[in-house]
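Dear colleague,

Please find below the structure that I am handing over to you. My findings follow it.

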Amino acid sequence: AGCTPDGHVYINYGLVKKLEQNDEMLFGVLAHEIAHYMLKHTLMHIYKTLKREKTNNIAAGVAVLGMGVGSMAAASGGYYDPNTPQRYQDVLDGAKKSTTMFHYRYGRDEELEADIIAYRFLEWIGIDPANYIKSLGLIDLDNLTGAGEKDSDHPSTAFRVELLRQLKPFGR
């Protein structure tokens, strides 16, 4: 499942099957994605991505400038490396790739925030939030995305489940 910056939520049939076509579990996943939209996680992430892209481009420009100065100094000594233009391009491409890999990945805190909102929303509309907790186990993001690993944007399923189990019901 995923949510776009303009609020479109997408699910695939594989997810529906994995959740045993259980509407209440599916509502939990949809509530999680809607929470990302309502909390403007995607828009905040676009801002962070653009900021990172600007920083990467500045760093790449400084690196290429330094490489150019070095090439000019080498050329004045009679040395010319025909691979220099490709090296400049590799630095610029690396900056772009670094930004592209960062696109649309939420942080762990944003995932947990969306989990809590989904849990509370289900509770509010009268659906047992345990269904959402069960859906997390069935989806098994740990195997799909490497959740919980050092550079993953998702906390481990075990951590998410335990956090949600610690929530106290409304009004108690």
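At 28% relative accessibility, Ile116 is classed as partly exposed. Please note that the model is a predicted one. Ile116 belongs to helix α5. Leaving aside residues up to four places away in sequence, Ile116 touches Leu163, Leu164 and Leu167. Between Ile116 and Arg160 there are 9.3 Å in space, C-alpha to C-alpha, although the two are 44 residues apart in sequence.

**Overall architecture**

The chain has eight helices and two strands. Read from the N terminus, the order of elements is β-β-α-α-α-α-α-α-α-α. Of the 172 residues in the chain, 33% are buried. Among contacts with a separation of 6 or more, 71% are between residues 24 or more positions apart.

Helix α8 spans residues 157-165, and within it Thr157, Arg160, Val161 and Leu164 are buried. These four lie on the same side of α8, because they cover an arc of only 95° around the axis. In general, an α-helix has 3.6 residues a turn, so residues three or four places apart point the same way.

Two of these residues, Val161 and Leu164, also belong to the largest nonpolar core, which has 11 residues in all. A second, separate core consists of eight residues, including Leu15, Leu26, Val29 and Ile139.

The volume of the second largest pocket is about 160 Å³. Which residues line the second largest pocket? They are Met67, Ser71, Met72, Ala74, Ala75, Tyr79, Tyr80, Asp81, Thr84, Pro85, Arg87 and Tyr88. By class, eight of the lining residues are nonpolar, two are polar and two are charged. Helices α3 (41-76) and α4 (84-102) each supply at least two residues of the lining, and α3 gives the most, with five residues.

With kind regards

Key:
Residues numbered from 1 in each chain as written. Predicted model: local features only at pLDDT ≥ 70, side-chain atom pairs only at ≥ 80, totals over all residues. Heavy atoms only, no water. 1 Å grid on protein atoms, 1.4 Å probe; cavity = no way out; pocket = protein on both sides within 12 Å on 5 of 7 lines; lining within 4 Å. Points joined across faces, edges and corners; volume = space filled by probe spheres on them. Nonpolar A, V, L, I, M, F, W, Y, C, P; charged D, E, K, R; others polar. Buried < 20%, exposed > 50% of the residue type's maximum accessible area, 1.4 Å probe, protein only. Arc of directions from axis to C-beta. Core = buried A, V, L, I, M, F, W, Y, C linked by side-chain atoms within 4.5 Å. Contact = heavy atoms within 4.5 Å.
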